[in-house]
Amino acid sequence: MKIAEYREQRRPIVYTDETYIHTSHTLSKSWSDGRTSGLKQHISKGNRLIIVHAGGMDGFIPNALLMFKANQKSGDYHDNMNYDNYSRWIQTQLIPNLQPNSVVVVVDNAPYHNSIQNPAPNSNSRKQQMIDWLTLRNIEHSSTLLKPQLYELILQNKARFVEYKIDEILRQHGHTVLRLPPYHPEFNPIENIRGIVKTYVAKKNVAMNMKVIMSLAEEKMNAITVITVEEWRKVCLHAIEEENKYQGRDAALDTISERIIINLNNSSDESEDGDDCDMPGVNELLE
C-alpha cells in the first residue's frame, strides 16, 4: 500500500474525517437500582452537530477542529458539509497547521472530497471540447472522427486523468492526498477517536441541547489532545495492523488466483479420467 511507502519516507500521516452528533445522542441502556427512572429517549433525533477534525500519531492537528450546527444559515460555515465548507476548512484551519510535506488521508466516499477539477467532456459536449481534452492529454486521435468515436476515446482514458480540486489545493502547499479504499473504515484511526468522543457525549448528555453536546464534544477532544495522546497512538497502530492484514490477504488472493487457472486446451478425455478437480488450488479452498 502507498501509505507504507510514505511512512518509510518518515512523512507525517494526517487522517481526516467528518462526523455528526444529534442533540438526543445518549446511551441506549443505563443502570438503575429501581428507585429512579432512567433518562427518556427523545422521539425526535433533534438538531445535528457537524464535527470536522484531523489528527495522527501526535494527536489532533492544533486549531483544526470545526464544529457547527447543521442547516445553520449564518456564520462562516453554513448548511451541511459541502465542497465549499470543506475546502474552506482545509485552507484556513488544516493547511496552516500541518507539518511540511504531510500526507493527508481522506475518506473516499463523500462527494465533496471528490469534486473534480477540469472534468472530462460528456456525450453532450461540443466536438471541439472533446478534441481539446484529448489533445491536452496527448491521447492519439483524429479530428476527422465523429463525436461518438471521440467520446469513446474519452471514456477509455478519462479515469487516468481525474484531477480532484482538494488534491490540487494541498499539492500547491507541498502536501499529498491519499484516498482510502471505499468501505474500509478500519484503515482510518479517526473513526475510533470519534467513537470515543461520541461515547463520552452519550454518557454525559442529560440536557440534550446543542450548546451542551458541543461543549462535551470539545471537552473530550481537548482531553485526548492534551492529556493522553496515547489514545491517538493506539488507534494509529491498530490501523497499521489492519493495513498489514489487508496486504497479507491481498497477496494470498493474488497467489490463489494465479493458481486457479483452467487450461482450455485440455482434452475432454483428460477431465473425465478421475473425480479430482483439474483446477489447481480449488481443492485447497474446498478442504
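Predicted model: local features only at pLDDT ≥ 70, side-chain atom pairs only at ≥ 80, totals over all residues.

## A helix checked by its length

Which residues of H6 are buried? They are Ile190, Ile193, Val197, Tyr200, Val201 and Ala202, and some of these names return below, where the enclosed space is described.

## The chain as a whole

The chain contains 10 helices and eight strands, and of its 287 residues 36% count as buried. Its exposed surface comes to about 17700 Å², of which carbon and sulfur atoms supply 50%.

Contacts can also be sorted by how far apart the partners lie in the sequence. Among the contacts between residues at least 6 apart in sequence, 66% join residues that are at least 24 apart.

How many cavities of 30 Å³ or more does a search of the whole structure find? The search finds one, and the space in this largest cavity is about 120 Å³. Its lining consists of Asp17, Glu18, Thr19, Ile51, Val52, His53, Phe60, Ile190, Ile193, Arg194, Val197 and Met221, and the elements that contribute two or more residues to this lining are E1, E2 and H6.

The largest share of the cavity lining, four residues, is supplied by H6. Sorted by class, the lining of the largest cavity holds seven nonpolar, two polar and three charged residues.

## The largest pocket

The largest pocket holds about 390 Å³ of space. Its lining is made up of 21 residues, and those that lie nearest the centre of the pocket are Pro12, Ile13, Gly56, Met57 and Asp58. By class, the lining of the largest pocket divides into 11 nonpolar, six polar and four charged residues.

Four elements each supply at least two residues of this pocket lining, namely strand E1 (13-22), strand E2 (48-56), strand E3 (59-60) and helix H8 (230-259). Among the elements, E1 gives the most to the lining of the largest pocket, with three residues.

Ile13 lies in strand E1. Is Ile13 buried or exposed? Since the cut-off for a buried residue is under 20% relative accessible area, Ile13 counts as buried because its relative accessible area is 13%.

Leaving aside residues up to four places away in sequence, Ile13 touches Ile3, Tyr6, Arg7, Gly55, Gly56, Val103 and Val105. The C-alpha atom of Ile13 is also separated by 9.7 Å from that of Thr176, although the two residues are 163 residues apart along the chain.

## Two loop residues with positive phi

Arg10 is not a glycine, yet it has a positive phi of about 60°. Arg10 is found in the loop between helix H1 (2-8) and E1, and it counts as exposed because its relative accessible area is 75%, where exposed means over 50%.

Asn118, likewise a residue other than glycine, has a positive phi near 50°. Asn118 is placed in the loop between strand E6 (116-117) and helix H3 (127-136), and with a relative accessible area of 48% Asn118 is partly exposed.

Key: Residues numbered from 1 in each chain as written. Heavy atoms only, no water. 1 Å grid on protein atoms, 1.4 Å probe; cavity = no way out; pocket = protein on both sides within 12 Å on 5 of 7 lines; lining within 4 Å. Points joined across faces, edges and corners; volume = space filled by probe spheres on them. Nonpolar A, V, L, I, M, F, W, Y, C, P; charged D, E, K, R; others polar. Buried < 20%, exposed > 50% of the residue type's maximum accessible area, 1.4 Å probe, protein only. Contact = heavy atoms within 4.5 Å. Areas by Shrake-Rupley, 256 points an atom, 1.4 Å probe, with all protein chains shown as cover.
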